[in-house]
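Dear colleague,

Please find below the structure that I am passing on to you.

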Amino acid sequence: MENNHNLDFSSTSTHYNENLRGTLQERIQRLQDTGINLSAEASYNRWNIYDEYFSQTYFVDFSFDSLSSKKFDTDQYILLLKSWFILLLENTYSFHHLTKKVRRAKDALILSKGFNLKAIDEFELNYFSKDLKPSSLQKKASLLLEFLDFSQDLIVPEEYLEMILGYYQTHNSTAIRKLPSSHDVLKFSLIVEAYFSNGDNDNNKEYLDYFPIFLWWNLTNIIPIRINEFCNLKFDCLTLNKEGYFLTLPRSKNLKNRKINYDQILISDKIANSIKLYQQKISTSVKPSKTLLQTASSVQNKKPEIFNYRNFKTLLDKFYKKIVCEKYGFNLLESSSGPHTRSPYNIYRIIRPNDTRYFAFLNLMLQGYHPSEIARLGGHSSVYSQMAYHNHLEYWVDSDLIKLLMNQKGHLSDLSNEFFKEIIFKNALDSTTEVSEVVKIPLEIGYCTDPLQDCPVDEHYLCKHWRITLDDYQKHYDKLQNILVNQESVLRLCIDKLLALHNTGLFHHKNDGYDEENSQFNYQLLESSKKVKDALYQLAKIKERFDMYEKSRT
């Protein structure tokens with residue numbers, strides 16, 4: 001996956017940075033002018049809204065008479081709830097649903113006495129009743145996180161946030177997405193890069209039909225957009241100004257409404273040039289369409305001017321069959337129940353269209369982006385939504401994925417069956433050259449090939465000049481295995497520290513000391529992410545060196 005810091009977040013539009021746009025009365029009037037039958041005044045605490053479709057009136061009472069106290073700033077909470085209600089209406093929620101949401105948020109404020117720590121036990125007992133199903137608890141937690149995210153000036157104790165997030169994650173944990181193995185991901189990445197780097201294919205109709213796969217793989221591994229958003233990219237989705245190329249993204253998950261909102265994000269020249277190349281090629285070969293992506297010439301489409309999820313899924317399945325399997329000789333075993341021979345040419349799980357969104361979230365975390373930035377780039381309505389991706393962070397402990405993260409893909413133009421043996425399943429550092437080494441300075445384990453022994457690291461086995469022979473490996477096998485285990489522990493510790501720092505940014509993203517504008521906190525995120533990548537890279541080097549001898553040993 002490409003490490004790309006050329007991303008701009010300032011133009012993205014999630015609801016929590018628009019929460020108090022304009023005065024309440026002006027916004028009420030604008031809604032009424034659009035035909036919404038809302039009986040409301042900014043100064044009144046009971047608002048009515050009439051739903052013509054269901055011939056029913058819904059109401060919300062914003063007053064906090066039961067908590068009238070000098071210690072409880074009811075005016076602040078009333079203003080927050082009213083502003084949130086208006087925002088939900090502006091996003092065309094169903095009237096019944098939005099009144100229910102606001103009432104539950106108000107219940108939470110009352111039960112917690114404004115999120116007072118002294119009331120936390122009573123709040124949990126009554127708001128998250130044990131009689132509720134896990135799915136209901138998750139929905140109540142999700143709603144509350146959305147409201148708290150909206151309430152910029154409302155500082156909530158960490159104990160409350162941890163509790164609410166706990167209920168939010170409990171239900172989600174039962175459906176954690178299963179991701180393909182790192183080998184399956186790496187093989188696919190190498191094949192995509194190799195197939196589309198072949199200049200001989202430029203005028204090939206098949207090549208053009210498959211080009212959406214290339215765009216998807218390179219774009220959605222960097223920007224965590226949903227597959228429907230990718231399919232709905234407009235033909236004229238690129239805009240160029242003095243800062244560079246901006247990509248207009250359709251945001252499909254806009255709360256409960258089906259209206260598409262658009263964000264503009266600054267992208268790298270590499271991605272922009274790929275899109276421009278595709279635009280140029282299809283504009284001369286097919287009829288104009290509403291979407292950027294075109295249906296493959298071999299596929300019948302009732303609406304050829306529209307490219308949708310079904311079109312992409314069909315295209316991806318075909319790419320696996322025709323290119324991955326038939327052209328490059330791999331075996332797809334996902335649906336195979338019979339016995340099979342272990343082989344470097346086996347693929348056990350195809351990559352699903354939305355898997356790349358998970359890769360992109362993980363990649364952004366490992367690059368040190370602030371949780372608020374990640375939320376906006378992912379099109380989340382709440383910064384807390386990304387908690388679901390934390391369950392996958394240890395996915396990156398698998399050192400084979402360092403080849404994607406660090407963009408070490410080798411000589412892709414020479415891809416062949418032998419290439420996979422040489423690059424994926426053999427020591428990438430090629431210790432077989434040791435015979436021709438000029439210098440061999442003996443060490444406790446192995447030897448050093450640097451005549452100056454100017455060690456850039458604390459341990460020899462982490463140095464690029466360190467070598468071992470098969471005899472060394474067999475003689476010191478137990479010690480070397482301990483080294484491997486210790487390095488895995490170092491990586492896990494680094495990941496835990498990054499995750500703890502990321503959680504701090506989540507819990508306190510409204511606090512000046514931890515928000516996305518705080519340069520010191522952002523520096524901590526970057527430094528912590530660097531330590532994770534360094535530890536991951538070091539583990540990869542050790543495993544690569546050991547793997548070759550392990551195969552010889554067995």
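The notes that follow begin with the chain as a whole and then turn to helix pairs and to individual residues.

**Basis of the model**

This is a predicted model, in which local features need pLDDT of at least 70 and side-chain atom pairs count only at pLDDT 80 or more, whereas totals for chains, interfaces and linings use all residues. Residues are numbered from 1 along each chain as its sequence is written, and side-chain values use heavy atoms, with hydrogens and water left out.

**The chain as a whole**

The protein chain has 19 helices and 11 strands; these are DSSP runs numbered from the N terminus, with helices being H or I of at least four residues and strands E of at least two. Of its 554 residues, 52% count as buried. Here buried means under 20% relative accessible area, exposed means over 50%, and partly exposed lies in between, with a 1.4 Å probe and protein chains only. The accessible surface of the protein chain comes to about 27100 Å², and 48% of this belongs to carbon and sulfur atoms; the areas come from the Shrake-Rupley method with a 1.4 Å probe, and for residues only the protein chains shown count as cover. Among contacts between residues at least 6 apart in sequence, 67% join residues at least 24 apart, where contact means heavy atoms within 4.5 Å.

**Two helix pairs**

Two packed helices are described by the angle between their axes and the distance between the axes. The axes are lines fitted to C-alpha atoms, for helices over the stretch in contact, and the angles run from 0 to 180 degrees between N-to-C directions.

Helix H2 (residues 74-90) packs against helix H5 (residues 134-150) at an angle of about 105°, and their axes are 11 Å apart. H2 is therefore roughly perpendicular to H5. By the convention used, angles under 35 degrees count as roughly parallel, over 145 as roughly antiparallel, 65 to 115 as roughly perpendicular and the rest as oblique. From H2, the contact is made by Leu80, Leu81, Ser83, Trp84, Leu87 and Leu88; from H5, it is made by Leu143, Glu146, Phe147 and Phe150. These residues divide into 8 nonpolar, 1 polar and 1 charged. In this division Ala, Val, Leu, Ile, Met, Phe, Trp, Tyr, Cys and Pro count as nonpolar, Asp, Glu, Lys and Arg as charged, and the others, Gly among them, as polar.

Glu146 of H5 is buried, with a relative accessible area of 7%. The C-alpha atoms of Glu146 and Lys101 are separated by 9.9 Å, and the two residues are 45 residues apart along the chain.

In the second pair, the axes of helix H8 (residues 205-220) and helix H12 (residues 355-366) come within 9 Å and cross at roughly 30°, which makes H8 roughly parallel to H12. Trp216, Trp217 and Thr220 in H8 meet Thr356, Arg357, Phe359 and Ala360 in H12. The residues of this contact divide into 4 nonpolar, 2 polar and 1 charged.

In helix H4 (residues 120-127), Ile120, Phe123 and Tyr127 are buried. They lie on the same side of H4 because they cover an arc of only 60° around the axis; the arc is that of the directions from the helix axis to the C-beta atoms. The face turned away from this buried side carries the exposed residues Asp121 and Leu125.

The loop between helix H3 (95-111) and H4 holds Lys113, and Phe115 is found in the loop between H3 and H4 as well. Lys113 has a positive phi of about 55° although it is not a glycine, and the phi of Phe115, likewise a residue other than glycine, is positive and near 60°. Lys113 is partly exposed at 40% relative accessible area, whereas Phe115 is buried at 4%.

Gln487 lies in helix H18 (residues 477-507) and is buried, at 5% relative accessibility. Leaving aside neighbours within four places in sequence, Gln487 is in contact with Tyr461, Leu462, Ala535, Gln538, Leu539 and Ile542.

Ser528 has its place in helix H19 (residues 519-553) and is buried at 9% relative accessibility. With neighbours within four places in sequence again left aside, Ser528 is in contact with Cys494, Lys497, Leu498 and Leu501.

Yours sincerely
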